[in-house]
Amino acid sequence: MPSLLYIAADLVAIGVLVLGLYRSRHGRKDLVVSFLGANVGVLAVAAALAGVSPTASLGVGLGLFGVLSIIRLRSTELEQHDVAYFFSSLALGLIAGLGVQPAWLAAALMALPVLVLAVVDHPRFMGGARRQRIVVDRAITGEQELTDHLRDLLGAEPQRMTVVETDQIRDLTVVDVTYRVPRAGQRPTNRRPDAGPVAPAVRPVPAPAEISPAPVTAATR
């Protein structure tokens, strides 16, 4: 049976993970409720089973971990970072509920997913990387032609692309593309490499200012 120290440590860890990191970076209220509910639920069940049999609590806890994961992942479509936060929430509840000994090991294991997500989910970590599924309005079978078209469309250099579907009847191509957006102050790469040198920009010459005629006054005798 875990002590109140383990329960308090779990509440602190899940609070930092969900309320401190996830809410400020992604801000989905429904998933915040889901993460907190799953964490506290796993903690309560694992803590209750730990007082009956340590072996049974471990097996049931891992089984509960898997069942909740399947239910959660099948209920709605989640982004990959949402999946990472969900599994971390379950792991925190399971570690605290089982009362892993010694206490310093439990604290280290609970702090590990929080620290990892704090680093790898930071906006500056691979901040320029993007991924999209794009439907091109024509069927393109040539890889180089498709790369050139995506470069012109995105204004960035495609790093990896996977053709999902090429439909010559409906004349479209579905492709998953990973690319990197240009940095601040860097001109976007929206031209083909073989397009030749860029012509220098010519500033327009300002038009001469109009000269209004002087007013004519009648001479008086």
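This is a predicted model: local features need pLDDT of at least 70, side-chain atom pairs count only at pLDDT 80 or more; totals for chains, interfaces and linings use all residues.
Residues are numbered from 1 along each chain as its sequence is written, and side-chain values use heavy atoms, with hydrogens and water left out.

**The chain overall**

- You'll find six helices and three strands in the chain; helices (H or I, at least four residues) and strands (E, at least two) are DSSP runs, numbered from the N terminus.
- Reading from the N terminus, the elements go α-α-α-α-α-β-α-β-β.
- Of the 221 residues in the chain, 30% are buried, where buried means under 20% relative accessible area, exposed over 50% and partly exposed in between (1.4 Å probe, protein chains only).
- Take the contacts in the chain with a separation of 6 or more: 64% of them come from residues 24 or more positions apart. Here, contact means heavy atoms within 4.5 Å.

**Zooming in on Asp10**

- Asp10 has 0% relative accessibility, so it counts as buried.
- Its side chain is joined to that of Asn39 by a polar contact of 3.0 Å. A polar contact is a pair of N or O atoms within 3.5 Å; within protein, one must be able to donate a hydrogen and the other to accept it, and residues adjacent in sequence count only if both atoms are side-chain atoms.
- Setting aside neighbours within four places in sequence, Asp10 is in contact with Asn39, Leu43, Leu92, Gly93, Ala96 and Met110.

**H1 meets H4**

- Helix H1 (residues 4-25) and helix H4 (residues 80-98) have axes that come within 9 Å and cross at roughly 170°. That makes H1 roughly antiparallel to H4.
- For these values, axes are lines fitted to C-alpha atoms, for helices over the stretch in contact, and angles run from 0 to 180 degrees between N-to-C directions. Angles under 35 degrees count as roughly parallel, over 145 as roughly antiparallel, 65 to 115 as roughly perpendicular and the rest as oblique.
- On the H1 side, the residues that meet H4 include Asp10, Ile14 and Leu17, while the H4 side includes Tyr85, Leu92 and Ala96.

**The sheet**

- Three strands make an open sheet in the order S1-S3-S2, with antiparallel pairing; two strands pair if DSSP finds at least two bridges between them. S1 and S2 are the edge strands, each pairing on one side only.
- From one strand to the next, the twist averages 15°.
- Helix H6 (residues 143-154) packs on the sheet and touches S1, S2 and S3.
- Strand S1 (residues 129-136) pairs with S3 over eight bridges, in the antiparallel sense. Arg130 sits opposite Tyr179 in S3, and Ala129 has Arg180 as its bridge partner there.
- Strand S2 (residues 158-167) also pairs with S3 in the antiparallel sense, over eight bridges, and Glu165 stands opposite Val174 in S3.
- The hairpin of S2 and S3 has four residues between the strands, and Asp171 takes a positive phi near 60° in it.
- Seven of the nine residues of strand S3 (residues 172-180) are buried, so S3 is largely enclosed by the rest of the structure.
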